Amino acid sequence: MAGILCACLLSIIGPASAAEPVFFDWFEYRGHDAVFEAPLPEGHYRNPVLAGFHPDPSITRAGDKFYLVNSSFAYFPGIPVFESDDLVHWKQIGNVIERPSQLDFDGLGMSRGVFAPAIEYHDGTFYVVNTAVDSGGNFIATARDPAGPWSDPTWLPTIGGIDPSLFFDDDGRVYILNNDAPEGEPRYDGHRAVWMQEFDIARLQPFGPRKVLIDGGVDPSTNPIWIEGPHIYKRDGWYYLNAAEGGTGPQHSQVILRSRQVWGPYTPYENNPILTQRDLDPARAHPVTNAGHADLVEGPDGRWWATFLASRNYGGVHYNTGRETYLLPVEWKDGWPTILPPGREIPYTAPGPTFMSGPADQAPSTGNFIWRDEFDGPTLDRAWMFVRVPKQAWADLGVQPGQLAITPLAEGLDTLRNPSFLARRQQHLAFEASTAFMLPEPGTEAGMAAFQNETHWYFLGVRRSGGKAELFLEKSSGEAAETIASAMIEPGERLKLKIAGNGGAYSFAYDADGRGWQWLKQHDDGTILSTDVAGGFVGATLGPYARDVQDK
């Protein structure tokens, strides 16, 4: 299912509100980051391989294809599933959480919901284990086809904490790992442990005793924080325990341990961490930070690769594009893997796998590109997401073919439910997003939003006022929303709006009936859309939005 517009789903979530729809002609996104302008050498690829908000990547191989999943938190559909032939060119083929009946995110902030999924393939079945934070706990979902449909969640009530993953041993036994509180009282804030328990893959439930494999981290004497995202792999008779450490900010890192026995004891690598950027000069040009949460996979040529998250910062601490998915080769030496030697920057271009295929262009996953949706398909493009799970069918491509009809809801962008806003990831530090639409009827405000969470957003919109049309820019930066710019325009039939960003400077423009672009507000402080200001774990999104204000 490519979107929420299929008839079966519309019947599940019920009819939309009674307000008149707003018709959007198209939506266009242009990205033009300086780091993507350099020509790509032959046989190379660009990092990140999934630009924009694609955190916590987990990867598996099935035959000659690779499958990757990401966290999506309180966005819906949830847990996107990507497919690739070569680890470089990725295409989204489905979502694990795609039916409203599977999960509900109402009442949750945007950085709750589905955290850090882990995907595995075994004996013809795909498995995703995940934590639905504040919305059910840990669960497992399965599919024979990674494109879906995926099963409803099977809950794991005896598994606490976050970041579960599965390990299939070659003797037929299966294990579940996860981050949880340590045995006894935590010694300090951020003191966590990695636990393991055997797993009955037929019943999809753990059994037997649970055991702590790592208490605190690789060096407990230093009070390491947030050991998480554990995975086990087996190579040359060794069991390798791979985990993140140091939190998801600038101190993030990846560590490795190994043992001859699956239950341990696990010995840390003396040259840990095997990936971090915390030892680099924060004033370096075009910094990539927050690197960690890696998963490893072996290619068909026997070489290993790592997918991991990292962020592209500006101004030292800001990143509006969230945590993205990166790819690097794994080097094995003396029986230990390393993703990146100490002191080395994550490269924006790198030599690809020997089995890399297709053109060098990786758009629209990364690089500079123009992406345009004419709304002329039968279903929404997979790039679009909803803020939480829709309860009404307010988005429709069939009412007026070639246009997106949004029937406005009364929910504002500050709601903890579902506003009538379609969200597309911001993938560049320098970008332009624009749309064209019919002016709304009285009692409706419509336009486009730049959204980070329910307390940090912009709404560039228009409303009818006494025979005129009033253009306005609302901003929320943690307090009550305020209007920071407005203008009266002639109430023609169509209006184009544009949001342009360059690092932390966001500008807002309009074109009324083809008279040319005019700025309503330039160079506003868009750091409100950065994760460090807004909090949480998501990146900024953009898209068309309409709201019903008849009763306000």
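The largest pocket in this predicted model has a volume of about 470 Å³. Its lining is made of 17 residues. Nearest the centre lie Thr60, Glu120, Tyr121, Tyr233 and Trp304.

Which strands build this lining? Strands E3 (58-62), E8 (113-122), E12 (162-168), E16 (228-235) and E21 (288-298) each give at least two residues to the lining of the largest pocket. E21 supplies the largest share, with four residues. Sorted by class, the lining of the largest pocket holds 10 nonpolar, two polar and five charged residues.

Now turn to the second largest pocket. By class, the lining of the second largest pocket has seven nonpolar, four polar and five charged residues.

Next come the nonpolar cores. In soluble globular proteins, nonpolar side chains tend to be buried together. Here, the largest nonpolar core has 88 residues. Phe27, Leu404, Leu495 and Ile499 have the most contacts inside it.

Take Ile499 as an example. What does Ile499 touch, leaving aside its neighbours within four places in sequence? Its contacts include Phe431, Met448, Leu460, Phe508 and Leu542. Glu432 and Ser507 are also among the residues in contact with Ile499.

A separate core lies apart from the largest one. This other core has 40 residues, including Val49, Ile256, Leu296 and Ala310.

Note on methods:
Residues numbered from 1 in each chain as written. Predicted model: local features only at pLDDT ≥ 70, side-chain atom pairs only at ≥ 80, totals over all residues. Heavy atoms only, no water. 1 Å grid on protein atoms, 1.4 Å probe; cavity = no way out; pocket = protein on both sides within 12 Å on 5 of 7 lines; lining within 4 Å. Points joined across faces, edges and corners; volume = space filled by probe spheres on them. Nonpolar A, V, L, I, M, F, W, Y, C, P; charged D, E, K, R; others polar. Core = buried A, V, L, I, M, F, W, Y, C linked by side-chain atoms within 4.5 Å. Buried < 20%, exposed > 50% of the residue type's maximum accessible area, 1.4 Å probe, protein only. Contact = heavy atoms within 4.5 Å.
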